[in-house]
Amino acid sequence: MEEFLSKINENFINTDVEFETINIKVDSSQWVETHQKLKDEFDLKFFSWLSAIDWDNEVSIGEAPKESVSPSFEIITCLSNVSNNNLVTVSTTISKLEPKITSLVEIYAGANWHEREAYEMFGINFENHPNLEKLYLPDGYEGNPMLKSFELISREVKPWPGEVDVEGMPEEPESDESVDG
Amino acid sequence: MGIVDKFGLPKPISSVFNWARSYSLWYFQFGLACCAIEVMAVSGPRHDFMRLGVIPLPASPRQADFMIVAGTVTDKMAPSVKRLYDQMPEPKYVISMGSCSNSGGPYWDSYSVTKGVDQLIPVDVYVPGCPPRPEALQEGIILLQKKIRGEDMKEKWTEVQTEPI
Amino acid sequence: MVNTLDPQNFNNFSEASVSVEIETEDMTLNIGPQHPSTHGVLRLVAKVDGEKVYDVKPVLGYMHRGYEKLAEVRSYPQITTLVNRIDWVAGFSNEIPFIAGAERLMEIEVPERAKHIRLILTEMARISSHFVFNGAYALEVGALTPIFYAMEDRERVLDLIESVTGGRFHPNFNRIGGVKPAAGSGPTTKKDIQDLPAGFYRDTKVAMQKVIEAADQFQNLIGGNEVFKKRTKNVGILTAETAEAFGVSGPILRASGVKSDLRTLTDYLPYDQFEYDIPVGENGDCYDRWDVRVKEMVESAKIVLQAIDSMPSGPLQAKVPKVIKVPKGRTYVRAENPKGEMGYYIVSDGGLGPYRLKVRTASFSNISILPLLLEGALLPDLIAIMGSLDFVLGDVDR
Amino acid sequence: MKTFKPKVPGFLVGIKIVIVNMLKTLSPFHSKPNVNYPFEKEKVAPRARGVIALDQEACTSCMLCARQCPDWCIYIEGHKELQPPSKPGGRQRSRAVLDRFDIDYALCMYCGICVEVCPFDALFWTPEYEYSEFNMGDMLHNKERLDDWLKTVPDTEGLES
Amino acid sequence: MISYFQDYVTIAAVLGFGLFLVVLLLGVASVLRPNKPYAEKLQTYECGVDPVGSGWSQTYVRYYIFGLLFVIFDVEAVFIFPWAINLEKLGYFGLIEMFVFIFILLIGLIYAIRKDVLKWE
Amino acid sequence: MIVQPVLVTAAALFSLGIYGILVRRNAVMVLLSIELILNAVNINFIIFDSMLADSLMQGQIFTIFIITIAAAEVGIGLAIVLMLFRNRQTANINEFDLMKW
Amino acid sequence: MEIYEIVTYFTLLLLLFSAARVVTTSNVIHAAISLVFTLALTATLFLLLSTQFVALVLVLVYIGAVIVLFLFGIMITRAPLGKNAELDNDKNKLIGATISGAIFLLFSYILINGFDGEIVITSGSSTELLGEILLSRFVFPFEIVSFVLLAALIGGITLARKDEALVDEDQV
Amino acid sequence: MTDVLVKVGFLALAALNGAIIFTIMDVKGASWMQRRPGPLHVGLRGFIFPLAEILKFVQKEDIIPTEVDRPVFKWAPAYVMVSCVALFAVVPMSPTLVVADLELGIFFALAISSLGTIGVLTAGWSSANKYSLMGGLRAAGQLIAYELPLILAVVGVVIQAETMSLVGIVEKQIEWGVPFVVGGQVVGFLIFMVAATAEMMRVPFDMPIGESELTMGFMTEYSGIRFLIFYISEYMNMFILCAIASTLFLGGYHVPLLPTEWVNFYGPVVLLTKTAILGFILVAVRWSQPRFREDQLQNLAWKILIPASLINILVTAVMKVGF
């Protein structure tokens, strides 16, 4: 683990370990090379997953991020080795206005469906992808549901039953109060 | 063509036919989600709904008598559910099993889930649970059998299928 | 059907008759969404020539319920109940990595007893999942009885899970910081945090013994059958390299000869305290995939028996705040589920719920191999191969 | 576990197994797995999450359960009422009266969050499961019906130490 | 001769009975059953989605070869039966005849097997 | 029983077969028509066998041989049709003009 | 034996009718099924003429095997469902009808004149005897038949598989 | 004439009862083998469930999809049913209790059973459904492939009995004192049973129906009464093939040591018992085996069963002539 981490640190500039997860931040132009390198030199042959995060300050439903962020897509892949505990996540940031990045299908065949999913859910274009089309949603479906700006209509339509208030909550829960185990 | 839908049958005879219908329910093998596993459990040795005359043989809707909508119906699946229901021969029945098919259940706010199968097809019995216990489904089947035994054949034959809401 | 051959070609037609392209009109066959052997609502659009399949396009999404979006609008306890339903034949296993991830972010140390209970129930979930696989797979290759034996034995395991958690396969039993048996066992005691019900150890030992017997019966009834061997041996061979590139994990990967098990590699649960084998296949064919799962069932039963014997006492819950707010940060926690590697990538910004929750499910990657495996197979093999991948549509589509 | 090597052909072993199982099923000396449902009922674990019972007296219509419910399937309405003071000369107390407490079992996902969060011990799980309906509307249990379930709440069970 | 015709009249009656059974079942059902066809119901079943293409396909020619093999061996069986009931009378001569006959046809079967017509790639 | 009706029927079958061969365009239908002709011949053999009360049963034995050969003929004939169909995508005999150019 | 004659004439009529359907129907499968009836009625006729073994051979070989072969052939050569307008050669229709009509008239004339007054007496025929004759007197044709069948088998297999093999070569 | 009617009536009873008995045996037997009680609530501890099935199916709508070839589709079940019923005609229950003791009895049975193939094939084709078509082709391919071993296995018996009449075959076995299965036809019997199982399209030879692959095979589009006809025929076929097997190989209506004078009394019982035992074996096989793949199934027929049955014929013939 330590050895692997130091090797990673040697080879990549922007790495950090957050809660036991090694993350490598790269520029989107380095995307494919990084993966090639990780596969060849670090023996991370197991392609675990690829996904994206929509960083946005305006959210239509749910909670907005506590600290304001610059709107962008963060694309993350997770690579690991099946015979030891080596695991890294690789992330890159791309612009929301022109969401495109090179596909990883050439390196990891398993990226195919994950990229299709990201394409469908976020609207990110993967260049050189052999078959970039919808994966989950029906044909006529419009919109990219995983975007923070996507509305969940049911939640808009149905009134929240918790609003009707008769009496203040008996004990407004304090975040510091602890329950004994 | 038939005489039953024109003239009906005298009560004693029609009750025999109702009895036959209620104890020979060919269940359309059609699972959607979690509840389908419970349907499997009901067909298993402990609960064995074949005791009640439910025969899990047909894999094609053409031979089925009733359909258990067991699980989440997504918007993508909804046309298929409707079509499969349509392709079943009359008289046909539907049991909606579990919260998902009753009204969307845990996915009531999802962007891709149909909020209740009764928007697509007429439902005869609703079974609550998420997923319902095997006995709960058996109770639903027994309710359905009761309903069938109380049916008037002429009425059932000539009933106009109203478009669901 | 008018022949469109050029007249001048007719001159040398007597020789050319053989070189005319045979334009076989292919049959496109829809298998699913409603089909008895697609485990629910997978749809395969298969191009077949007679019985031979030469192109398969899986169509997903018939069970897509938008978990990742729903997780963004729910709080952590609410997500715990929701993730039960991802892989619905092993509901308990789904909670573990999620809870472990949240605990890692909150830096909570879980009491040993809670970990043991989690481990026991996870293994039970694995057993019940493999039972369903065994029965369903036999059904797919045409043996109709094993599923009933599987169901009978599975009920015993489910009874145990229910007696502890209150749910047959959607337990919602894990809490951040430990485990909590379902409340509601009597008006006076319901607020107490409860322990395992009386008689649980005894019943578990009996049930696990039955599981080992059942596995033996499966080996006799299905594994030893000549027809079954003929149907599954050397069918759908998957090499380890392909499997890794596609992210195929779990028993399927092990059947291809890779001794890889997250239970030993990672430490999300105290598996290092127990002795067990990791069954590995040789050829990576359907038979191996079946065999590995049956053997795994026995190993799980052994783990449970050991865990019962070495069960520590102590609290079930660590100290946690009443309202759960996870600090800012991100982590990826994975676990060895019955279907393979399941992991949650939690991105938290300090709110009541995660900012983004990526659910990495095993079946999704596992069935992405389907088009590759099915090319050139016969139609009956299609069913056998598909069944041997043991996917659950909730796990695929989420 | 060693690999299985049958001495007799495997298909004969299979036939033997099914016939042995058939004899077991028919024999009166073997326990049968089957539960003949409408006439006999399976003993459900006391912790089983079958249906939620409501103790109307205990409920203060505090809305905690309705707010925590992931499915938004609990509908509570209530109003405040002035109660005569418990001790003569005491202050008049305002007390919340429950007008409506509905759980929509067509929507409920049986997670148990409401039972856990209830600070007044008003909600209980009971293992009952027999409430299938012909009409969707009947799946909405009002407070009287929820109160009826209270009778079926099981007693405390023993624990494994 | 009388018994010959009587037997076959009975056979005819049995065939008639089979047909009668079919017609009876169909008739009873047509009186009792409901009849509510509509377009969706009458659509071809294909796992719940729109049928793709026509219901026709160019299937393997191998089925034809099975049929051919069957025809040949069926004809062989036709010759074997008269031989089988006369075996005692024909003696070794008949035995050799049939050996040759079956041997020649077995060559055909072996040819077919060697040509891999039974192998499904 | 007089034999003429049976013989005339056989003749009718024969001419129907000829008609089918001449009129039909589908090769399989032509083969079906050939079967009709062979059937007519079979009927003739059997009726003559019965009429002559042949002690050697030559009529019956010949019929069996005809049936045998007909089976072989159909096997080959259909195989040819199949081959042509695979190459020309049609079973229409008008388009089977390999021999003319 | 009046019933006997009525049955025979009835069979003949049906036979004619179904044979006519074979050559007139516009659906290949219907034609094949009509041929089944034609053959079944022929078998009935044979039974009436008390040649039961031949009748059953007809059923076994023709209905059981040859028709199945036909059906396979029809299905492989893409028989469309329903009517097929292209099935008949319209310009040949008149010629065909004329020629076949002429043949029919000629044959009928000869047969009716030539066999005037001949009658059939249905005497039973023993299958045992038939087998004996077949395997003693007709032993040579019997063995030849096996060669014919072998030739048909090999020829059929070669023909039906020919192009497949050649396509493989093409692809190589 | 009344004679004929009585015989046909008797046959009707036998045919329908046989089918129903075998249905009950199959379903109840299967349930017990799977550790469950099977149909129970319908009445008489569930044993009258076939009645409910039949009464249910006659009131089901009979869907004839638009795409199908109507006349062919409508009448395809009739071929199957008629061929099954006709088979009953030749099976003797006792020397006198036989509908038609043909000189060519077994040959007739084999000839008429091939009619079913046409029914299945046309049913599959006319449904205009891909699953049906594949199922129909598979079914026809399988039926013809296993028809041959069936026919050839019978030849061994015919050689030994020197007659094709089924009564004659049984009488020969009575004369011999032992049934043919003991008297040298073990291989023939096994081949016959395997081929018969394939003819019934039961597991492990149920590829044509193969519901995990082809939903219901050639029956996919059939609903209501027409499906019932297929369904009943399946069990009738099972019953009659078992009855023929016990007649040919197991001594039919006679068991050794019982006095032959009373054969008219115990004959039917003995035959039914033998048939039921064979049927039970088939049930046990069905519920314990997986199904073959189509090519393995054809290989079994062409590469093993047919050569084996030809060798069986030759060996039997040599024994017959030589000794």
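This is a predicted model: local features need pLDDT of at least 70, side-chain atom pairs count only at pLDDT 80 or more; totals for chains, interfaces and linings use all residues.
At the interface of chain H and chain C, 26 residues of chain H are in contact with 32 residues of chain C. The two chains bury about 2,600 Å² between them, with 60% of this area on carbon and sulfur atoms. Two salt bridges are found across this interface. In one salt bridge, Arg35(H) pairs with Glu152(C), and the closest N and O atoms are 3.3 Å apart. Nine residue pairs, both members at pLDDT 80 or more, are in polar contact between chain H and chain C. On the side of chain H that touches chain C, the elements giving two or more residues are α6 (130–161), α9 (211–214) and α12 (294–322). By class, this side of chain H comprises nine nonpolar, six polar and eleven charged residues.

At the interface of chain G and chain F, 83 residues of chain G contact 72 residues of chain F. The buried area is about 7,000 Å², and carbon and sulfur atoms give 78% of it. Within chain G, the residues losing the most area to chain F are Val23(G), Phe70(G) and Val120(G), which together account for 9% of what that side buries. Zero salt bridges are found between chain G and chain F, whereas three residue pairs, both members at pLDDT 80 or more, are in polar contact. Elements giving two or more residues to the side of chain G that touches chain F include α1 (2–24), α3 (52–76) and α6 (139–171). The largest share of that side, 13 residues, is supplied by α6(G). The residues of this side of chain G divide into 53 nonpolar, 19 polar and eleven charged.

Note on methods:
Residues are numbered from 1 along each chain as its sequence is written. Chains are lettered from A and ligands numbered from 1 in the order in which they are written. Side-chain values use heavy atoms; hydrogens and water are left out. Contact means heavy atoms within 4.5 Å. Buried area is the accessible area (1.4 Å probe) that two parts lose on being put together, summed over both. A salt bridge is a side-chain nitrogen of Lys or Arg within 4 Å of a carboxyl oxygen of Asp or Glu. A polar contact is a pair of N or O atoms within 3.5 Å; within protein, one must be able to donate a hydrogen and the other to accept it, and residues adjacent in sequence count only if both atoms are side-chain atoms. Helices (H or I, at least four residues) and strands (E, at least two) are DSSP runs, numbered from the N terminus. Ala, Val, Leu, Ile, Met, Phe, Trp, Tyr, Cys and Pro count as nonpolar, Asp, Glu, Lys and Arg as charged, and the others, Gly among them, as polar.
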